[in-house]
Amino acid sequence: MYRFIIESNIADHKPFVVYFSLFAVCYSLFLTTIFAQIICVISCAMCGLLSWQWYKKSHPQQGVFILAPPQCRFENNTLKINGHISHKSRVYQHSVWLYIEGLASSHWLIINASGVDELSFIRLKRAILAARHERGESK
């Protein structure tokens, strides 16, 4: 069983801004009327804002994470998640996207490498890879 504290797990807004800005500019260039271009930019801005809100909700800044593979638990002042690590979880170089399946609901939890110490981040990545491997063998 591993227990570690997540501190300063700050979400980065730059990829969202770049992606949705380029998306809006590229699509609006091919539209012929100004009204259609404005609608395109506004709809891209709204989609970007909704995506950013989902990302921020799944990206807590601090909390305590308890890992007893395959079960895990996350707690902070506003959020309590209990369940097991799903095979839908993803491991990236600088972040981990956990899909935690509980009895009643499922939650995404995004943890950056800068938010935890290096050893805890490595253990978390190993637990996710083990959960994905177990799920692959059972199919």
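Q: How many salt bridges does the structure hold?
A: The structure holds one salt bridge. Before we look at it, please note that this is a predicted model in which local features need pLDDT of at least 70 and side-chain atom pairs count only at pLDDT 80 or more, while totals for chains, interfaces and linings use all residues. Residues are numbered from 1 along each chain as its sequence is written, and side-chain values use heavy atoms, with hydrogens and water left out.

Q: What makes the pairing of Arg-73 with Glu-75 a salt bridge?
A: The term asks for a side-chain nitrogen of Lys or Arg within 4 Å of a carboxyl oxygen of Asp or Glu. The N to O distance between Arg-73 and Glu-75 is 2.4 Å, so the pair qualifies.

Q: Why is H1 called roughly antiparallel to H2?
A: Angles under 35 degrees count as roughly parallel, over 145 as roughly antiparallel, 65 to 115 as roughly perpendicular, and the rest as oblique. The axes of H1 (residues 14-29) and H2 (residues 34-57) cross at roughly 160° and come within 9 Å. That makes the two helices roughly antiparallel. Here an axis is a line fitted to C-alpha atoms, for helices over the stretch in contact, and angles run from 0 to 180 degrees between N-to-C directions. The helices themselves are DSSP runs (H or I, at least four residues), as are strands (E, at least two), numbered from the N terminus.

Q: What is the handedness of the crossing of H1 with H2?
A: H1 passes H2 in a right-handed crossing.

Q: Which residues make the contact between H1 and H2?
A: Contact means heavy atoms within 4.5 Å. From H1 the contributors include Phe-16, Phe-20 and Phe-23, and from H2 they include Cys-40, Cys-44 and Trp-52.

Q: How do the residues of that contact divide by type?
A: There are 11 nonpolar, four polar and no charged residues. In this scheme Ala, Val, Leu, Ile, Met, Phe, Trp, Tyr, Cys and Pro are nonpolar, Asp, Glu, Lys and Arg are charged, and the others, Gly among them, are polar.

Q: Why is Ser-58 called buried?
A: Its relative accessibility is 4%, so Ser-58 falls in the buried class. Ser-58 lies in the loop between H2 and strand S2 (63-68). Leaving aside neighbours within four places in sequence, Ser-58 is in contact with Trp-108, Leu-109 and Ile-110.

Q: How do you know that Leu-50 and Leu-22 are exposed?
A: Leu-50 has a relative accessible area of 56%, which means it is exposed. Leu-22, at 52%, also counts as exposed. Leu-50 lies in helix H2, and Leu-22 in helix H1.

Q: What makes Asn-77 exposed?
A: Asn-77 reaches 76% relative accessibility and therefore counts as exposed. Asn-77 is found in the loop between strand S3 (71-75) and strand S4 (80-85).

Q: What is the phi of Ser-8?
A: Phi of Ser-8 is near 50°, a positive value in a residue other than glycine. Most residues other than glycine have a negative phi. Ser-8 sits in the loop between strand S1 (2-6) and H1, and its 45% relative accessibility makes Ser-8 partly exposed.

Notes: A crossing is left-handed if the near helix is turned anticlockwise from the far one by less than a right angle, and right-handed if clockwise. Buried means under 20% relative accessible area, exposed over 50%, partly exposed in between (1.4 Å probe, protein chains only).
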